[in-house]
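Me: I would like to go through some labels used for this structure and ask what each one rests on. Please set each value against its definition.

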Amino acid sequence: MHILEKGGGTRRFFLASSALALTLGLAASSIPASAQELTGDIRFSWWGGQVRNDKTDRIIQLFEQQNPGVSITRETADFAPYWERLTIQSTGNNQPCAITMQSRWLATYARPDILMPLDDLVANGTLDVSGIPEAVVSAARGADGNLYMIPHGVFYFALMYNEQMLENAAAAGVQPLVWPYNWDQYADHLRAIQPTLPEGAVATHNMGREPDAFVSWVQSHGEKVFDGSKAAFSRDLAIAWFNYWEALRNEGVTESPEGMVTENSALVEESNLANGRGYATNRPPNQLGSVQTVTNTVNPGATINTRPYPVGPDGTVGMDLGSNGIAIGANCTAEQLPATTAWINFWTHNEEAAAIYQSDNGVVAIPELATAQAENPDTQPTQVRHIELYQQVVDTAQPVFWPAGGYQAMTDVLNRSYDAVAFGQLSVEEGVDQLISELQQQLDQAAR
Amino acid sequence: MATAKTYDPELLRAERRRRENLRRLKGLGLHLLLIGLLCIMLYPVIWMVFSALRPEAEIFGDMGFIPTNWTLDNFVRGWQLYGNMTFTQFYVNSFIICALAIVGNLIACSMAAYAFARLEFRGKWILFAVMLGTMMLPIHVQLIPQYIFFLNIGWVNTILPLVVPKFLAHDAFFIFLMVQFMRSLPNELEQAAVVDGANYWQRYWRIILPLSMPALATTAVFTFINTYNDFFSQLIYLTDTSRMTVPVALRLFLDPSGGASSFGGLFAMVLVSIGPVLGFFLASQRLLTKGIATQGFK
């Protein structure tokens, strides 16, 4: 995705406006927020389905009730169209004031003429990041080091598995897997469990093509995925990754290459795991509830649980932590800024808002709020597990800095390269060479 | 010497019966084949219809047609998308845009088509070629400049970018379609009007337009379908959720980013949303087929 360059004069105008807005905003914010009568109309954009839209709307209503002078215009869309629209809006400097942002896409937009740098607003207390883990805040910075969003939810990918299949395997003598387990131990576990599965089921989804699993692999082996806008992992490590999954595939522990592509659907309803055709896969644990719901209908009696990715040979945890948060459009005016910052603070810290949202788009970033949700007897067990696993890995996980276009490029190229290997079109070495060269090509293109 | 052929009437009747039976058998086989193909093609649609009528939790639990438990709950929950946003609002928004787009296209495209088909003016063929050339421009080329233009004149988040271009003969395809039709009308009709003293406007309004009903109906139907199904332009230009249209709203039932999806609501609302297109098509089917047949778009 590319942001089209605007004319220099226009950019200077916007930068000047942003600086003016920031100055005026800072002046306005020197008055304590509680003492101010907030007024103004702001636009807030987010992505999501029916349930998330409903929760978001309720939180907006709550904020508007508490701040009668503020009106928030809702702008929602499905995930992919959301970014397309934001890109087009950004070219016209017509972004909403409050923009839901994700760390994986942040680098594409993290420029002062698109998003407002927030460090000064944080430094003078206008924006409140207290309680948010430093690693999560760091992941909200752009390549220029500026803070561009206030994280409110932390997401991560992990492994999901079918507990009943595991119990059956245990009854047949398969040893349980206790974390921290390394990649070889995990592969041995999958090999052991395969013969105990029902006809047609496989022990694992082939994650050779999955960027989140690959990132965990790279980081758990002590390497970086990116260095700025350069691919930083070694060729040997990528070859080892392809070989790891090719070995499992050739042993019949994963699905066929054709099944591997089908299984790649993001929709829970189509997954092998939910349909009882697979023991394990990788998915974000915030899907645990919906995976369990679908499983209850198509594979009654099965329970789905989640566990972390394996660690490296020396015990290093390689999991990436991503965050969703709210950024401020560079075009947000001085009049709109107080209401926008108040809205962000409300969304991030308000207990009632957090209780409504229920970590719908990542575990709530404030640990106390997450603990309160986990301890609330009304919280769904799957949601509790989602929060517990996050708390288990948050201190050791390694958030990846995704360069502009990096996540999309990694997904596209890794999918294509590993598929070519699995379908026998390329050797492992050729597949890895394709991965590295095309990834770098796309990163260079996005960085221009 | 030629001998007269004699035919046994019984043999002739038997042969006729055999041929008739063979013809019927072929017809039966063909119909069975078509019915089989129809069933294959309709299976997903029928499955969706019944899925909309079964509880959400059972949609993926039972791949059979007939639901064990019948419910209209998906329609109720689907109609109420979230908060106070309902499909009533989305339908009103969609229909307003569709109605204005149809009116705009009928007026502007027929005028432009009349000029290209019946009038002689300098540069006509160059302009016609340029008009046809615009049909080949990918939407991505036009997207950003158009957006910035509409933003600068304050039209973003209104229906104007979706409607006003239609009144300026923006759809080259429909101009071309009507040009083809108008060229097929006899010149004598218009010449007679000229003898009677009719000016350009009168010839267009009183002679050409009434005779172009099939082409106008085709344009109206396709404009409706295209506008009603248009997702991207409506996503880009109508950002406020209260101005959202049906195709944009339908995308909000599923959440591939990890949140909960509502397939029941989606199927129910897709079913409802097919209604206007189907109704419009059925109502204008006769004119539509006539229009297509007479314009060579077979």
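Me: In which helix of chain A is D120(A) found?

Reply: D120(A) is found in helix α5 of chain A, residues 119–123. Helices are DSSP runs of H or I with at least four residues, strands are runs of E with at least two, and both are numbered from the N terminus. The model is predicted, so local features need pLDDT of at least 70 and side-chain atom pairs count only at pLDDT 80 or more, while totals for chains, interfaces and linings use all residues. Residues are numbered from 1 along each chain as its sequence is written, chains are lettered from A and ligands numbered from 1 in the order in which they are written, and side-chain values use heavy atoms, with hydrogens and water left out.

Me: Why is D120(A) called partly exposed?

Reply: Buried means under 20% relative accessible area, exposed over 50%, and partly exposed in between, with a 1.4 Å probe and protein chains only. D120(A) has 45% relative accessibility, so D120(A) counts as partly exposed.

Me: What makes N282(A) buried?

Reply: The relative accessible area of N282(A) is 5%, so N282(A) is buried. N282(A) sits in strand β9 (residues 278–283) of chain A.

Me: Which side chain makes a polar contact with the side chain of N282(A)?

Reply: That of Y309(A), at 3.1 Å. A polar contact is a pair of N or O atoms within 3.5 Å; within protein, one must be able to donate a hydrogen and the other to accept it, and residues adjacent in sequence count only if both atoms are side-chain atoms. Leaving out residues up to four places away in sequence, N282(A) also touches others, including F157(A), H205(A), E210(A) and D212(A). Contact here means heavy atoms within 4.5 Å.

Me: Why does V364(A) count as buried?

Reply: V364(A) has 7% relative accessibility, and therefore counts as buried. V364(A) belongs to strand β12 of chain A. Among the residues that V364(A) touches, not counting those up to four places away in sequence, are H152(A), A354(A), L369(A) and Q373(A).

Me: What is omega for the cis peptide bond of W179(A) and P180(A)?

Reply: Omega is about 5° for the cis peptide bond that joins W179(A) and P180(A). P180(A) lies in the loop between α7 (163–171) and α8 (183–193) of chain A.

Me: What is phi of Q358(A), and where is Q358(A) found?

Reply: Phi of Q358(A) is positive, about 50°, although Q358(A) is not a glycine. Q358(A) is in the loop between α14 (351–357) and β12 (363–364) of chain A.

Me: Why does N157(B) count as buried?

Reply: N157(B) counts as buried because its relative accessibility is 19%. N157(B) also has a positive phi, near 70°, in a residue other than glycine. Its place is the loop between α5 (139–152) and α6 (160–163) of chain B.

Me: How does the radius of gyration of chain B stand against that of a compact globule?

Reply: Chain B has 27 Å, whereas a compact globule of 298 residues would have a value near 19 Å. The radius is taken over C-alpha atoms, and the globule rule is 2.2 Å times the number of residues to the power 0.38. The C-alpha trace of chain B spans about 95 × 75 × 30 Å along its principal axes. Of the 298 residues of chain B, 41% count as buried.
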